Amino acid sequence: MIRRSFALGLAGSFVVSRAFADSLVATPAQTEGPFYPTAFPADSDNDLVQVRGVAARALGTVLHLQGRVLDASGKPLNDATVEIWQCDARGFYDHPRQPGRERRDTAFQGYGKVLTDVQSAYRFRTLKPVAYPGRTPHIHLKVATADGRRLTTQFYLAGDPLNERDFVYREAIRDPRRRERIDMRLEPADGMEAAAFATTMDIVIG
Ligand SMILES: [Fe+2]
């Protein structure tokens, strides 16, 4: 009798796993790292390439990063805050723990924050990330939804040879299905900006 109910229990959990398999792969949580801002820049908008009051544009290759914030069933999560931060084109963060911080590109905003629109979409104009010592190119993200969900993660350049040697990336893709959530596939930003790239990355919070 006991054995019989155990078998039934297994059948029940199989049904549950099938239901999960039909839902979207969640964006994996990844470390915040040491460079989340200790003080936010006066200009914290979603254009990191142009700092208000600074004539020069940031050095580097422009990347238009956009997507939606969704739950695991694909439902849009409205009123989500999306923050990104990354190093400049020379590999420097604007952070007290950054060695050589004074050599950073002050025309790069380094951090940006945006609230998702009615379609739960976010959009940033930022830089194609570059490598710095010890890390493959990446963009850090933090997402907070109106219903209290939180996610800290990182996006990477799909196919970058440094990815497979990066300890954070390798941990994130222990489930290989997660690659689609963190690998940015870059395309020319035709019609938006010359010599720039664009990518669409939905953020799925389970
Ligand atoms: Fe980083």
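Student: How many of the 10 residues of β1 are buried?
Tutor: A strand here is a DSSP run of E of at least two residues, numbered from the N terminus, and buried means under 20% relative accessible area, exposed over 50% and partly exposed in between (1.4 Å probe, protein chains only). β1 is largely enclosed by the rest of the structure, because its count of buried residues is 8 of the 10.

Student: What kind of model do these values come from?
Tutor: Residues are numbered from 1 along each chain as its sequence is written, and side-chain values use heavy atoms, with hydrogens and water left out. Local features need pLDDT of at least 70, side-chain atom pairs count only at pLDDT 80 or more, and totals for chains, interfaces and linings use all residues, as the model is predicted.

Student: Which strand runs antiparallel to β1 and is joined to it by 7 bridges?
Tutor: Two strands pair if DSSP finds at least two bridges between them. In the strand in question, Phe 124 stands opposite Leu 65. The strand covers residues 121-127 and is β4.

Student: Which residue of β10 stands opposite Leu 70?
Tutor: β1 also has parallel neighbours: 4 bridges join it to β9, where Phe 197 stands opposite Leu 63. Another 3 bridges join β1 to β10, residues 203-205, also in parallel. In β10, the residue opposite Leu 70 is Val 204.

Student: Which are the edge strands of the open sheet of 5 strands?
Tutor: The order in this open sheet is β3-β2-β5-β6-β7, with mixed pairing. An edge strand here pairs on one side only, and the two that do so are β3 and β7.

Student: What is the bridge partner of Leu 157 in β7?
Tutor: Strand β6 (residues 150-157) and β7 run parallel and are joined by 2 bridges. β7 spans 183-184. The partner of Leu 157 there is Met 184.

Student: Is His 140 buried or exposed?
Tutor: His 140 has a relative accessible area of 2%, so it is buried.

Student: Which backbone oxygen does the side chain of Gln 109 reach?
Tutor: Gln 109 lies in the loop between β2 (81-85) and β3 (111-115) and counts as buried at 4% relative accessibility. Leaving aside residues up to four places away in sequence, Gln 109 touches several residues, including Pro 41, Leu 48 and Val 51, a contact being heavy atoms within 4.5 Å. At 2.9 Å, its side chain reaches the backbone oxygen of Asp 45.

Student: What is the phi of Asp 79?
Tutor: Most residues other than glycine have a negative phi. Asp 79 lies in the loop between β1 and β2 and counts as partly exposed at 48% relative accessibility. Although Asp 79 is not a glycine, its phi is positive, at about 55°.

How values were computed: Polar contact = N/O pair within 3.5 Å; in protein donor to acceptor, adjacent residues only side chain to side chain.
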